[in-house]
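Please read this briefing alongside the sequence and the coordinates.

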Amino acid sequence: MSDPDVIDTLAGIEPDSPLALIRDRKPVTRQQAQASYRALFEPAEPGDVTLQERFAAATFVAGLHARDEIAAFYAAGLRRTAPSEDFVTALSKEIALGRAVGPYGAYPKGKLSAEDVAGPVYDVAERHRTVLGTRLTVAMAHVHMLVFHPRDASAAALQTLLDAGWSNTGIVTLSQLVAFLAFQIRAAAGLRILAATRNVP
Amino acid sequence: MTESVVTHPDNHEPAEFTLALLDWLPWLAPPAEAALTERQRASLVDAARSKSAYFRLLARDPDILEARTRTDKDIFYNTSSGLPRAERELAAAATSRHNGCIYCASVHARHAITYSKRPEDVRRLLDAGVSADLGERWNAIVAAAVALAATPIAFGPEHVTRLRAAELDDADIVDVINGAAFFNWANRLMLSLGEPVQVG
């Protein structure tokens, strides 16, 4: 495939630049990170999660990470699914409402409880729920937890998704998508910093 | 028909970080081993992973599982260049410690000990957390992993400078970034799709 490498794009790495050459030494990492992107955002079959849900969740995740360049990349993907203007506006307002600082959350009760960190439990604002739809509204609460406080995860949270019409397989796909983005966004952000602070030879 | 989660009311989750071997119980039903399709089997990459409820559950979406697994293996096992394996495992363990994944931390703390032969330092990371003093080179790697785990990401030029001062070159630093970044993926799956269980 000659499609542009998404991590290079998001990190601003130019072909044949010193960091591109370092990345080229590990072609499998590069290819499989790209294959992960394609599996989630260019799936052979969307299966239990629509492309619009995938790109909406990704735009939300990148926005919650306060990475404008990455959010813009996924928002462009969302636009290709022809969302309504109201949908796009509601999503962007929810990003602003959902901003927090992680990781936080609670441990199983015991010695580690001293390390519990309090933080917000997010839910989509009432006024945005109709335009975003029930499935996405419920998914966004879960996505927010995965982004900021994954140690608060629970079986009950998955039951909430099931009750809103998500299937077991759809939950696996959604979880992979958010977790993959937690990797991709960090890899791109880290490489961008490294590229900007290279030693002068 | 609406599906239901699987709960494990009799399980007492481990409530502290440990080097002990843990198992993991899924909250969603994985396909039975005998019911795996050929595509799902291939997505496990290692045939032995069909014994694992975690990997069988992820095999519900085989394309992303296969790419995830191959990304994971190359970041951690490909030592043709870059950071020693021990320090990749340290980045994984520190990320897991900071995000709060008791299961992932136990696995990668054990690997870090195997490859570094520094059991006391690794144990201190689990017990005291990411602010434990492990010597400057390891401290620099842990600090970079912690900054990368933050949302929004707190990794900055000062982390790169500190890693360079600890004699990591840019290829090594790319491995720190990839290893730490990858565990933000792994931790979220392990934490949110099931729970750890003590063995024996």
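Predicted model: local features only at pLDDT ≥ 70, side-chain atom pairs only at ≥ 80, totals over all residues.

Residues are numbered from 1 along each chain as its sequence is written, and chains are lettered from A and ligands numbered from 1 in the order in which they are written.

**Contact between chains A and B**

- In chain A, 62 residues are in contact with 55 residues of chain B; contact requires C-beta atoms, placed from the backbone, to lie within 7 Å.
- On the side of chain A that touches chain B, the elements giving two or more residues are α2 (18-24), α3 (27-41), α8 (134-148), α9 (155-163) and α10 (168-196) of chain A.
- Helices here are DSSP runs (H or I, at least four residues), numbered from the N terminus.
- With 20 residues, α10(A) gives the most to this side.
- By class, the side of chain A that touches chain B has 36 nonpolar, 17 polar and nine charged residues. Nonpolar covers Ala, Val, Leu, Ile, Met, Phe, Trp, Tyr, Cys and Pro, charged covers Asp, Glu, Lys and Arg, and polar covers the others, Gly among them.

**Domains of chain B**

- Chain B is divided into domain 1 (23-75) and domain 2 (83-185), with bounds from an automatic or database domain assignment.
- The centres of domain 1 and domain 2 of chain B, taken over C-alpha atoms, are 26 Å apart.
- Four residues of domain 1 of chain B are in contact with four residues of domain 2 of chain B.
- Helix α3 (residues 62-77) of chain B supplies three residues, the largest share of the domain 1 side.
- That side of domain 1 of chain B has two nonpolar, one polar and one charged residues.

**Backbone features**

- Most residues other than glycine have a negative phi, and most peptide bonds are trans.
- The peptide bond from Gly102(A) to Pro103(A) is cis, with omega near 0 degrees; Pro103(A) is in the loop between α6 (85-98) and α7 (129-132) of chain A.
- A cis peptide bond also runs from Thr151(B) to Pro152(B), with omega near -5 degrees, and Pro152(B) lies in the loop between α7 (136-149) and α8 (157-165) of chain B.
- Lys117(B) has a positive phi, near 55 degrees, and is found in the loop between α5 (102-116) and α6 (119-128) of chain B.
- Lys117(B) counts as exposed because it has 10 C-beta neighbours inside 10 Å, the cut-off for exposed being 12 or fewer other C-beta atoms within 10 Å, with C-beta atoms placed from the backbone.
- Glu167(B) has a positive phi, near 70 degrees, and is exposed, with 10 other C-beta atoms within 10 Å.

Technical notes: Contact = placed C-beta atoms within 7 Å. Buried ≥ 20, exposed ≤ 12 C-beta atoms within 10 Å, placed from the backbone.
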